[in-house]
Amino acid sequence: GDGSCRRLPMRSEHEVVVELPDFRVVCRDDHTWHYRVEDKKRNVTLEMVHYGVGLPTWYGKEKPINLTAHAVAYGYNWPGRIEGTLTIGGKKVKLNGAALRERYVAVDQDAAEIGGWEDWMWFYFENGAAFGSFFEYKFSKNKGLGINLDGGKEYYPAGDVSIEHHEWAFHPRLGAFVPTHYKIKLEVEAGVLELAGNIVESKLWGMRGGGGVPDAPLYTHNFDRLDGTFRYHDGRTITLSNGVGGGCVRLWKPYPNIFMPQFASEQATGYDSRVLLFE
């Protein structure tokens with residue numbers, strides 16, 4: 001109302017700027033995104049640049065697609081290198097690593113339908129030896145991927161996705177069981193990428209239904225590390241280690257919360273020590 005918060009993006013010939021009171025991102029046409037996030041109460045500021053190399057995983061690039069019958073969207077996910085500075089109480093810490101950025105436009109969305117089980121994941125290995133993202137919707141059987149190899153010199157925008165969930169543990173804040181170990185196979189024209197990793201932390205997103213555990217849980221997660229191989233169909237093999245990555249999971253529980261008493265959540269918190277940082 002007073003003009004202090006600029007909610008609509010500002011556009012110029014070479015960049016788009018989106019600015020909120022504590023958040024600012026500048027999207028430039030050289031494929032870099034420049035972030036500034038500030039928490040004045042905690043005296044914390046993050047300034048970071050995300051470098052887009054190679055090409056992203058597109059979904060609905062030319063027009064929106066139906067991820068499920070009533071989930072219509074378009075956009076992309078793009079893993080890439082990051083550099084920046086985290087300032088805590090005046091003390092500066094340099095950052096250098098990898099992260100995912102996303103452009104997502106939802107034309108229509110049905111959370112329950114998506115929650116037939118959705119995995120949306122990304123990965124990045126040192127020096128861009130392999131990076132990309134992929135997704136799978138169990139309900140609609142919709143899949144997609146984008147894989148970059150050799151620093152982005154090789155790009156494969158289509159193929160098959162196979163995700164195995166292992167070593168399930170109870171997540172008390174979700175009121176549901178979740179996988180803590182993933183085995184992933186991505187097959188593209190040039191060969192097959194196999195990945196494996198353990199989940200070490202997650203962040204619960206919204207939909208808590210009056211403060212209780214949600215009926216359609218949504219959470220993001222991170223791997224402790226990723227290891228894998230890419231095997232070309234011509235016999236060449238690339239060994240991948242010390243990768244980073246994570247993902248987003250939306251699931252649907254086949255029972256209402258009334259059948260999951262609170263004591264069950266309290267007793268299950270130690271079900272698997274691998275679930276370390278679930279919030």
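Predicted model: local features only at pLDDT ≥ 70, side-chain atom pairs only at ≥ 80, totals over all residues.
**Notes on the rings and cores of this model**

1. Residues are numbered from 1 along each chain as its sequence is written, and side-chain values use heavy atoms, leaving out hydrogens and water.

2. How far can you trust it? The average pLDDT (the predictor's confidence in each residue, from 0 to 100) is 85 for the protein, and 84% of the residues score at least 70. Two stretches call for care. Residues 1-6 stay under 50 and have 4 contacts beyond four places in sequence, a contact being heavy atoms within 4.5 Å. Residues 259-279 are also below 50, yet that stretch has 36 contacts in the model beyond near neighbours in sequence.

3. On the overall layout, the protein has 2 helices and 19 strands; these are DSSP runs, with helices (H or I) of at least four residues and strands (E) of at least two, numbered from the N terminus. Of its 279 residues, 42% are buried. Taking contacts between residues at least 6 apart in sequence, 53% join residues at least 24 apart.

4. Now the aromatics: the whole structure holds 17 aromatic pairs. Rings of Phe, Tyr and Trp (its six-membered ring) pair if their centres lie within 6.5 Å; planes under 30 degrees apart are stacked, over 60 edge-to-face, and the rest tilted. Tyr59 and Phe135 make an edge-to-face pair, 6.3 Å centre to centre with 75° between the planes. That pair ties strand β6 (residues 57-59) to strand β11 (residues 130-137), as Tyr59 and Phe135 are 76 residues apart. Both Tyr59 and Phe135 are buried.

5. Why is the Trp120 and Tyr137 pair edge-to-face? Because the planes sit at 90°, with the ring centres 6.1 Å apart. Trp120 belongs to strand β10 (residues 118-124) and Tyr137 to strand β11, 17 residues apart. Trp120 is buried too, since its relative accessible area is 9%. Ring pairs join Tyr59, Tyr104, Trp120, Phe135 and Tyr137 into a cluster.

6. Two arginines sit over ring faces: Arg81 is 4.3 Å from the ring centre of Tyr51, and Arg236 is 3.8 Å from that of Tyr232. The test asks for NZ of Lys or CZ of Arg within 6 Å of the ring centre and within 35 degrees of the ring normal.

7. The largest nonpolar core has 32 residues, and Phe123, Phe134, Ile147, Tyr182, Ile184, Leu186 and Leu193 touch the most other members. Such a core is a set of buried Ala, Val, Leu, Ile, Met, Phe, Trp, Tyr and Cys residues joined through side-chain atoms within 4.5 Å. Elements giving two or more residues include β10, β11, β12 (142-149) and β15 (176-187). Among the residues that Ile184 touches are Met121, Phe134, Leu193 and Phe223. A second, separate core of 10 residues includes Ala71, Ile114, Trp120 and Cys248.

8. Last, have a look at His221 in strand β17 (residues 218-232). His221 is buried, because its relative accessible area is 3%. Leaving aside residues up to four places away in sequence, its contacts include Met121, Tyr182, Glu201 and Cys248.

Note on methods. Buried < 20%, exposed > 50% of the residue type's maximum accessible area, 1.4 Å probe, protein only.
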